[in-house]
Amino acid sequence: MLLSSPDRSQIRNCKDCGKEIRVFNTLQNRCRDCTIKRHKPIKQRGPKTLQWEKFRDTVARPHLDRRDGIACHKCGVMPPKKEDGTYYRHDVEHTKKRGSHADLKFDVSLMVYLCRDCHIEETDTLRSAKIA
Ligand SMILES: [Zn+2]
Ligand SMILES: [Zn+2]
């Protein structure tokens, strides 16, 4: 009589970085880090987005440039340089989450530049903190 409950997990190598991972379903083929890295923000379109983008380009970025400079607020990395010698800008991230602070969405004192890595780390941290 074989009653040992079958362990359905299996060891695979992450498709991106090759690290060994234990998976529990056939769809999973990347380690957590690579899954986060590949996560691209959903493109939003609409009047609200346009309003925000206009604000970000004309108000938030010039303000942050003056106040903090253009390096990542968290790790200090510089954004990539353009062909013409000027720099791109990192993501503008709200230090307070928008959900319950909708009225603070356009308050530049609550904004910082975050590079993509820190941005992802930050949002992931907040998400898992909410679940816990
Ligand atoms: Zn990986
Ligand atoms: Zn950073």
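Modeller: Read along the sequence, the protein chain follows the pattern β-β-α-α-β-β-α, that is, 3 helices and 4 strands. Helices (H or I, at least four residues) and strands (E, at least two) are DSSP runs, numbered from the N terminus. This is a predicted model, in which local features need pLDDT of at least 70 and side-chain atom pairs count only at pLDDT 80 or more, while totals for chains, interfaces and linings use all residues. Residues are numbered from 1 along each chain as its sequence is written, and chains are lettered from A and ligands numbered from 1 in the order in which they are written.

Of the 132 residues of the protein chain, 8% count as buried. A residue is buried if 20 or more other C-beta atoms lie within 10 Å of its own, exposed if 12 or fewer, and partly exposed in between, with C-beta atoms placed from the backbone.

The largest nonpolar core has 8 residues: Ala60, Leu64, Cys72, Met111, Tyr113, Leu114, Cys115 and Cys118. Strand 4 (111–114) and helix 2 each supply at least two residues of this core, and the largest share, 3 residues, comes from strand 4. Such a core is a set of buried Ala, Val, Leu, Ile, Met, Phe, Trp, Tyr and Cys residues joined through C-beta atoms within 7 Å.

Cys72 lies in the loop between helix 2 and strand 3 (91–94). It counts as buried because 22 other C-beta atoms are within 10 Å. Leaving aside neighbours within four places in sequence, Cys72 is in contact with Val77, His90, Tyr113, Leu114, Cys115 and Cys118; contact requires C-beta atoms, placed from the backbone, within 7 Å. The C-alpha atoms of Cys72 and Val112 are separated by 8.0 Å, although these residues stand 40 apart along the chain.

Tyr113 is a partner of Cys72. Not counting residues up to four places away in sequence, Tyr113 touches Leu64, Asp68, Ile70, Cys72, His73, Arg89, His90 and Val92.

Helix 2 spans residues 47–68 and bends by about 45° at Arg56. The bend is the angle between axes fitted to the seven residues ending at a position and the seven starting there. Helix 2 is hardly covered, with 2 buried residues among its 22. Just after helix 2, Gly69 takes a positive phi of about 85°.

Note on methods. Two residues are in contact if their C-beta atoms, placed from the backbone, lie within 7 Å.
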